[in-house]
Amino acid sequence: MTMQGSGATLTWYHDFISPFAYLHWPKVRALMQTHAVEVVPILFAAVLEANGHKGPAEIPAKRTFTYRHVLWQARRRGTPLRFPPAHPFNPLAALRLAVAAGNTPEATTAIYDWIWAQGRDAGSVEALAPLLRELGVAADALGSDEGKSTLRANTEAAIAAGVFGVPTLAVGSDLFWGDDAHAFAVSVLEEPSLLAEAEMQRVASLPVGVRRA
């Protein structure tokens, strides 16, 4: 694995379709008080396709567990969470809205709150119309070639970096997937030698075993 120092570049890859990204976002915002973090909206579906993965919602038993688990986590933290009318939904309008709004922390928070705190529909430009007005973004901005190309470039860069899920916090080139990996990422940020430890290095280079038939 690549060693990174405390001055490593921090990048947060996310998609509004993920309730775990919603739970992770406050931690990222807190981290932004002391570190520069680049927030990068990406299309999770394209990442799944590139890696040959199914999303959690595509496996019935995993879907039920995931939804209950994230709801339990939110209640345990005292974080409001209400699922939108349908899930998974098409997140393209929400992602393009973030880009059109300048990808600011305030816009990111507003979009996450719309979907996951208020449980509102985000599957189309029309559904997001009140939020567009709140953020001062014209509806036609979501269909702009520039916005589409930015989102496409973000997603391609994430795939090239090895991102396989959302949310992912990258400390330099080291990827920390999921809300529950945040403390691990911060530990590496504060103690760069952590990933240089012998067992960390060994497990990172273990050969793939032979599967039994």
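Predicted model: local features only at pLDDT ≥ 70, side-chain atom pairs only at ≥ 80, totals over all residues.
Local features required pLDDT of at least 70 and side-chain atom pairs pLDDT 80 or more, whereas totals for chains, interfaces and linings use all residues. Residues are numbered from 1 along each chain as its sequence is written, and side-chain values rest on heavy atoms, without hydrogens and water.

A nonpolar core is defined as a set of buried Ala, Val, Leu, Ile, Met, Phe, Trp, Tyr and Cys residues joined through side-chain atoms within 4.5 Å; buried denotes under 20% relative accessible area, exposed over 50% and partly exposed in between (1.4 Å probe, protein chains only). The largest such core comprises 56 residues, and W12, I115 and L128 have the most contacts inside it. Helix α5 (residues 105-117) supplies the largest share of this core, seven residues; helices are DSSP runs of H or I, at least four residues, numbered from the N terminus.

Eight aromatic pairs were found in the whole structure. Rings of Phe, Tyr and Trp (its six-membered ring) pair if their centres lie within 6.5 Å, with planes under 30 degrees apart counted as stacked, over 60 as edge-to-face and the rest as tilted. The ring centres of Y22 and Y112 are 6.4 Å apart with planes at 35 degrees, so this pair is tilted. It links helix α1 (residues 19-31) with helix α5, across 90 residues, and both Y22 and Y112 are buried. For F83 and W116, a centre distance of 4.9 Å and planes at 90 degrees give an edge-to-face pair. F83 is partly exposed at 21% relative accessibility, whereas W116 is buried at 0%.

Key: Helix = DSSP H or I, 4+ residues; strand = E, 2+ residues; numbered from the N terminus.
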